[in-house]
Amino acid sequence: MILMTYCNFSDFLQTVFPFKVQKISINAGFTCPNRDGSKGWGGCTYCNNQTFSPQYAANEKSVSQQLEEGIRFFSYKYPAMKYIAYFQAYTNTYDALENLLAKYNEALNHPDVVGLIIGTRPDCMPNELLDELEKISKKYFLLIEYGIESTCNETLAFINRGHTYEEAVETIQRTASRKIYCGAHLILGLPGETREMILAHAEQISHLPLTTVKLHQLQLIKNTRMAQQLAENPELFHLYTVDEYIDLCIDFMERLHPDFILERFVSQSPKELLIAPAWGLKNYEFTAKVNKRIKERGSYQGKLWIR
Ligand code: SF4
């Protein structure tokens with residue numbers, strides 16, 4: 001018998017679809033309100049959007065073209081596979097309603113696309129758009145992935161996110177009340193956050209109506225404001241070793257609602273852009289290490305969850 005230690009995304013997809021499903025990253029050419037002055041200037045201090053997209057998701061290509069290329073890449077191995085278009089780069093709900101819907105529908109009109117994942121900011125979800133997304137969610141798989149990043153407003157201000165945690169809570173509640181799957185994205189290890197503060201995020205977000213949670217380690221990327229802060233004030237940062245970070249993820253998982261799907265623990269930015277941490281592990285190698293450590297600790301999701 002395999003002991004279930006945490007809810008993972010591929011198991012979740014298997015409960016939704018009777019066939020194999022793969023995400024295809026799309027750069028639909030949207031921009032970001034935290035860069036163009038509508039919410040803020042300069043963007044989040046850690047953001048260098050070059051890190052977002054695989055080769056096949058270049059924004060001069062249409063959504064259909066990017067899907068075709070992505071599908072060609074995967075279908076070679078699994079011809080019967082179906083696909084979820086993952087609107088990943090920048091803020092994928094930030095445009096005129098008709099432009100947004102045109103891009104989403106372009107993806108959904110592909111015969112092998114069975115759903116959408118839309119990555120966005122919590123301050124960028126008007127009700128008119130939610131009305132349309134609710135209609136889409138009745139026909140297709142739809143997950144809205146909100147970048148919460150931290151539950152601490154002081155941290156959010158320091159990293160220039162341009163929104164508060166309360167705004168994230170309100171938007172997630174508004175989205176989930178339409179029976180649309182909601183995901184939360186958090187960065188573990190932001191400057192000024194102690195281990196205790198990070199673990200408190202798990203307790204806080206466990207009260208939200210979330211379906212998925214995506215974690216990633218703080219990555220310091222070249223040509224960002226955070227890279228400059230690291231050079232000038234290194235004392236603001238705790239650069240986790242891989243083993244420290246693994247234990248942090250497991251501590252986080254133990255405090256997390258047992259029903260949330262833990263989609264990932266790490267993210268890999270291109271090596272040539274990354275300053276730290278340089279762990280040199282592929283995602284699957286990291287996951288294998290996490291699973292080994294979970295076993296050693298006798299750990300499981302929700303072990304320390306407080307209702
Ligand atoms: S991380 Fe997202 S919200 Fe922040 S500046 Fe970059 S694209 Fe905009």
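Contact, in the exercises below, means that heavy atoms lie within 4.5 Å. The structure shown above is a predicted model.

**Exercise 1. Find out how helix α9 sits in the structure: which of its residues are buried, and what do they pack against?**

Step 1. Helix α9 runs through residues 242-255, and at 1.5 Å a residue its 14 residues should span 20 Å, which agrees with the 20 Å between its end C-alpha atoms.

Step 2. A residue is called buried when its relative accessible area is under 20%. By this cut-off the buried residues of α9 are V242, Y245, I246, D247, L248, C249, I250, D251, F252, M253, E254 and R255.

Step 3. Because twelve of the 14 residues are buried, α9 is largely enclosed by the rest of the structure.

Step 4. The buried residues of α9 pack against the strands β5, β6 and β8, and also against the helices α7 and α10 (283-297).

**Exercise 2. Describe the packing of α7 and α9: at what angle do they pack, and how far apart are their axes?**

Step 1. Two packed helices are described by the angle between their axes together with the distance between those axes.

Step 2. For α7 and α9 the angle is about 30 degrees and the axes are 8 Å apart, while the crossing of the two helices is right-handed.

Step 3. On the side of α7 the contact is made by R195, I198, L199, H201, A202, E203 and I205, and on the side of α9 by E244, D247, L248, D251, F252 and R255.

Step 4. Sorted by class, the residues of this contact are six nonpolar, one polar and six charged.

**Exercise 3. Work out the layout of the sheet: in what order do its seven strands stand, and which strands are at the edges?**

Step 1. The sheet is open, its pairing is parallel, and its order is β1-β2-β3-β4-β5-β6-β8.

Step 2. The edges are held by β1 and β8 (261-264), each of which has a single partner strand, so one side of each is left without a neighbour in the sheet.

Step 3. On average, neighbouring strands of this sheet are turned by 25 degrees against each other, direction ignored.

Step 4. Individual pairs can now be followed: β1 and β2 are joined by six bridges, with Q22 opposite Y83 in β2, and β2 and β3 are joined by five bridges, with I117 in β3 as the bridge partner of Y86.

Step 5. Strand β2 is largely enclosed by the rest of the structure, because five of its six residues are buried.

Notes. Residues numbered from 1 in each chain as written. Predicted model: local features only at pLDDT ≥ 70, side-chain atom pairs only at ≥ 80, totals over all residues. Heavy atoms only, no water. Pairing = 2+ DSSP bridges. Helix = DSSP H or I, 4+ residues; strand = E, 2+ residues; numbered from the N terminus. Axes fitted to C-alpha atoms, helices over the stretch in contact; angles between N-to-C directions. Left-handed = near helix turned anticlockwise from the far one by under 90°. Nonpolar A, V, L, I, M, F, W, Y, C, P; charged D, E, K, R; others polar. Expected span 1.5 Å × (residues − 1). Buried < 20%, exposed > 50% of the residue type's maximum accessible area, 1.4 Å probe, protein only.
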